[in-house]
Amino acid sequence: METALVLGAGGITGIAWHLGLLIGLRDAGVDLTGADLVVGTSAGSVTGAIVTGGIDLADARRLEARMGASDPPIRPDWSRGSQAYAALTDDSRDPASIRAEVGALALAADVVPEEPYVAMLTRRLPLHEWPSRPLLITAVDTHSGDPVVWDRGSGVPLDRAVASSCAVPCIFPPVTVNGSRYMDGGVRSGTNADLAADAARVVVLAPLAPVRMHGAPTAEIEALRRRSKVALIAPDEAALESLGPNVFDAARWEPAIEAAIAQGHRVAPEVSAVWQD
């Protein structure tokens, strides 16, 4: 496999940043949308479906980001959420036990019911069938803490795969797939970039890398670099200002896209050195 595009977690503003960066890079002559493999985690699962589904980026930027009257209110369980955050940022513990603990908290959290959440996300997806191109979507089993990776051959509907990958613990409910319940793939890693290890050239777009400990895990990226040419791109200072502190702030959608387009122009030489040289 020659090329892989890895799209990391980052909420609504993370999707906007992905799209803007891809537009800016394309404008500068570096088109990542034809990657041989796309790996999507959380926000990246939405962008990944767009990219591999052949949705034009100009159309994708017009997706409905703001909540509508028919959407359920986002109602985080802050008490359990703070416990989950504390566990996820404790580097002294075994990652598998952390994922299991966070899964238990996610299952117990008092948040919006599952089906209205899935419907809210499904309504915004511009496609509802798995694309023919290779797309991997990550999630985590809430009961066992085991990571899972879904693709076209997994027998999982695309909307439920994406909804589970986006199910941030204690903010959104775990999503039922084949009798089990799954949460955000970012619980394992903000990028899950190791899934692209078979590619010779890898570009990782990581919205949370500057602000979250595991937004782009160092060991994961370093291991990938031992085998592949890798460009890790995170929001720069100007983009971070446009993204703001709340990854679910839909009012930041267009400013985040515009800032990311400009960043795409700036980082094009760095990305081209990996993707095209």
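**View 1. Aromatic pairs in the predicted model.** Searching the whole of this predicted structure turns up 3 aromatic pairs. To picture any such pair, keep two things in mind: the distance of the ring centres and the angle of the planes.

**View 2. Tyrosine 117 stacked with phenylalanine 172.** Here the ring centres are 4.9 Å apart, with 20 degrees between the planes. Where do the two partners sit? Tyrosine 117 belongs to helix H6 (residues 114–124), while phenylalanine 172 is in the loop between H7 and strand E5 (175–177). The pair therefore ties together parts that are 55 residues apart in sequence. Tyrosine 117 and phenylalanine 172 are both buried.

**View 3. Phenylalanine 172 meets phenylalanine 248 edge-to-face.** The planes of these two rings stand at 90 degrees and their centres are 5.5 Å apart, which is why the pair counts as edge-to-face. Phenylalanine 248 lies in the loop between helix H9 (237–243) and helix H10 (253–275), so you can follow a link between distant parts of the chain, 76 residues apart.

**View 4. A cluster of three residues: Tyr117, Phe172 and Phe248.**

View 5. How many of the 8 residues of helix H7 (residues 158–165) are buried? The count is 8 of 8, so the helix is largely enclosed by the rest of the structure. Among these buried residues you will find Leu158, Asp159, Arg160 and Val162.

Terms used: Residues numbered from 1 in each chain as written. Predicted model: local features only at pLDDT ≥ 70, side-chain atom pairs only at ≥ 80, totals over all residues. Heavy atoms only, no water. Buried < 20%, exposed > 50% of the residue type's maximum accessible area, 1.4 Å probe, protein only. Helix = DSSP H or I, 4+ residues; strand = E, 2+ residues; numbered from the N terminus. Phe/Tyr/Trp six-rings, centres within 6.5 Å; stacked < 30°, edge-to-face > 60°.
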